[in-house]
Structure formats: structure tokens, C-alpha cells
Amino acid sequence: MDVELDERKKKILKAIIQTYLETGEPVGSRTISKYTDLNLSSATIRNEMSDLEEMGYIIQPHTSAGRIPSDMGYRLYVDELMKEKEQEIADIKSMVIERTDHMEKVLQQVVKLLASSTNYATLITGPEYHHNKVKFIQLSKVNEDQVLAVIVVEGNLVKNQIIDLDETIDDEQILKLNLLLNTQLNGLTIEEINLGIIKKLKEQAGIHSGVISQVVDAVAEAIAVSEEDMPIYTSGATNIFKYPELSDRSRASQLISTFEERQKLVDMLRGTVAEEKENTGIQVYIGNESTLEPFRDCSVVTTTYDMGNGMKGTIAIVGPKRMDYENVVDNLKTLKVQLDSVFKKPDTNT
């Protein structure tokens with residue numbers, strides 16, 4: 001960064017670029033005086049803007065008294081932005097790896113302990129992401145035919161997506177697409193990224209509207225829950241042999257097989273988050289209330305734990321209809337509180 005560009009000039013340049021990106025109109029000193037936290041007069045801002053223009057960071061269109069960013073201005077802004085965000089992404093990846101490793105060990109221990117203390121079969125899922133918002137998007141050129149999109153969403157989930165290009169794209173165009181995407185999409189959920197926003201993005205992207213489509217698709221994938229990636233841990237399936245009504249050969253075989261059919265378990269447990277009871281946080285499915293045929297001679301008691309940042313997982317206990325409900329509910333309530341306290345930490349990146 002140019003040594004002549006002091007913090008005040010940087011802030012004014014940033015305000016000019018962000019205002020121009022939002023409005024598409026040349027930016028005057030009066031507008032900047034309203035939006036910056038510098039408490040400077042319009043005259044002082046005009047002087048600073050004149051300096052920025054002389055230095056080549058902003059330019060004055062022929063027909064307007066306002067200024068717009070030059071490519072050099074965009075470059076400076078994006079270099080600073082990328083430097084900051086690359087460090088943020090590195091920190092997030094490190095934290096996610098550390099927390100994921102810790103989480104898996106804890107959940108594996110929890111499911112075994114729960115099976116042992118209740119004498120029933122137990123299941124626990126890794127966390128799903130709910131109502132995620134886009135935090136940051138970074139496009140970078142891989143080669144002449146491909147761009148890498150790094151998408152960070154709420155919950156600090158990082159998604160990398162290679163995008164194949166149908167047209168050539170240079171570094172300056174990548175910079176402008178980065179600015180465009182982050183200005184328009186940051187802070188939005190996938191439901192809020194509607195057709196109007198996508199249309200506006202494509203219009204502003206011009207010949208690179210196809211890249212915008214692929215990035216929006218990648219954002220949707222990043223926000224959506226990946227069923228294949230969601231871990232599920234089970235323990236105590238053989239406890240069902242302790243209960244005569246569940247232990248005849250065909251019924252027990254069905255139950256054991258169901259515990260090995262990961263996708264069916266995931267589908268069953270996913271629905272419990274929405275149905276969680278507000279008062280206790282616990283849901284009980286008795287007999288035919290279960291969505292899985294083999295569990296219809298059983299009772300299934302579930303609750304969710306909360307990792308914060310929109311991430312929730314589900315715990316379930318499967319046993320005979322004559323299970324000790326009081327003991328099971330007590331175990332789940334205690335476990336829910338313990339897991340919430342272990343995992344739920346304030347999000348320092350918002």
C-alpha cells in the first residue's frame with residue numbers, strides 16, 4: 001500500500017468504493033461526509049478526494065462533480081480486503097478442524113455413555129447448519145479456464161467450488177466480481193437471494209453473468225445441509241436383545257440392520273429438530289408414531305443439542321415401549337445441557 005495513503009484517505013477511498021458499488025452513481029464529498037465516522041467537513045473531504053484523484057485512486061467522469069473508483073482504486077481496496085479475509089478464512093479453517101476433531105471424540109464418548117447408562121440403543125448426529133447466511137465470497141483464478149470460489153457461511157463452514165469458465169476473464173474482472181458478490185450477497189440467507197437480486201447481479205456482471213449463476217449455485221450448496229457429510233454415531237444396538245419383545249430373530253435382525261442404514265437414520269433424526277418441544281426440548285415417538293417401520297415396536301426419545309452459529313445435532317434413544325421414560329428423559333436433559341455448554345461458544349467472527 002502506498003505510504004502516502006494515510007488511514008484517513010484509506011477510509012475515504014473505502015467509503016467512495018462502497019457507496020459507488022451500492023448506488024452506481026458518482027460519489028460527492030457531501031455523501032461521504034454522511035457515511036464516514038471521521039466527522040470531517042465536506043471541504044476537508046473534498047481536499048482528500050482531490051489528493052486521491054491526483055494519486056490515481058479515483059477519477060471524475062466528464063459529466064459529474066462526483067468521483068468513481070479507478071481500477072487502481074479497486075485494486076488497492078480488494079488487496080486490503082483479500083489480505084484481511086484470507087487471514088480470516090485461515091483462522092476459520094483452523095478453528096473448524098480443531099472443533100470438529102474435538103466434537104467427534106466427544107460425540108463418540110457421549111453415545112457410548114448414554115447406551116451404558118440407559119441400557120438402550122443410542123444415536124447421535126453431528127451438527128447440521130440451519131438458516132445460514134453468507135459471510136464472505138472469494139473468487140480467485142486457477143487457470144485460463146477455471147475460477148476457485150471460496151464461500152464462507154454462518155457457522156464458519158467453508159465451501160470450495162471450482163467454476164469452469166465459458167469465457168476469458170482477467171484479474172481486474174475477478175476483482176470487480178468479488179466486490180459485486182460480496183456487496184450484494186453478504187449477510188443474506190439462501191431464501192433471501194431471490195430472482196431480483198440474481199438478475200441485478202447478472203446485469204452488473206455483464207458478459208460474466210454465467211459465473212454469477214455458478215457462484216449462486218455454489219452458495220446454495222454451501223448453505224444446504226450435506227446428507228453425505230453429516231456424521232452419525234450409534235452405540236448399544238445389541239442392548240435390544242435384553243428385551244424379550246424385541247429379541248426374536250426376525251425383529252432383532254431388522255432393528256440391527258436399521259442401525260446400519262445410515263441414510264434412514266439421518267432422515268428420521270432430521271425431522272426431530274423441527275418438532276422439538278419448546279417446553280422440555282424433548283420429543284417422544286411411541287410405536288407407530290415412528291417414521292421407521294422397524295422402530296414401530298419401540299419407543300424413540302429425541303432431543304437436540306446446540307453448538308451455536310445455527311448448528312444443531314440430534315440425540316436419540318431407542319428402546320422398548322416399556323422403557324424407563326423418566327430415566328431416559330433425565331439423561332437426555334442433562335446431556336443436552338452438558339453438550340450445549342461444551343460446544344456453544346460466542347461467534348467471534350460476526
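**Notebook: strands, helices and burial in a predicted model**

I began with strand 5 (residues 134–143) and strand 6 (residues 146–153), which run antiparallel and are joined by eight bridges. For pairing I used the rule that DSSP must find at least two bridges between two strands, and I took helices (H or I, at least four residues) and strands (E, at least two) as DSSP runs, numbered from the N terminus. Within this pair, I found that I137 stands opposite I151 in strand 6, and that a hairpin of two residues links strand 5 to strand 6.

I noted that this is a predicted model, in which local features need pLDDT of at least 70 and side-chain atom pairs count only at pLDDT 80 or more, while totals for chains, interfaces and linings use all residues. Residues are numbered from 1 along each chain as its sequence is written, and side-chain values use heavy atoms, with hydrogens and water left out.

Next I looked at the whole chain, where I counted 10 helices and 11 strands. Buried residues (under 20% relative accessible area, against over 50% for exposed and in between for partly exposed, with a 1.4 Å probe and protein chains only) make up 45% of the 350 residues in the protein chain. Of the contacts (heavy atoms within 4.5 Å) between residues at least 6 apart in sequence, 63% join residues at least 24 apart.

I then turned to helix 5 (residues 171–185), whose 15 residues should span 21 Å at 1.5 Å a residue, and the end C-alpha atoms are 21 Å apart, which agrees; the expected span is 1.5 Å times one less than the number of residues. The buried residues of helix 5 include I174, L175 and N178, and after the helix comes G187, which has a positive phi, near 90°.

Which residues of helix 6 (residues 195–205) are buried? I found I197, I198, L201 and A205, and seen down the axis of helix 6 they fall within an arc of 95°, so they line one face of the helix; the arc is taken from the directions from the helix axis to the C-beta atoms. On the other side of helix 6, I found L195, K199 and E203 exposed, and G206, which follows helix 6, has a positive phi, near 60°.

Last, I looked up A43, which lies in helix 3 (residues 42–54) and is partly exposed, with a relative accessible area of 37%.
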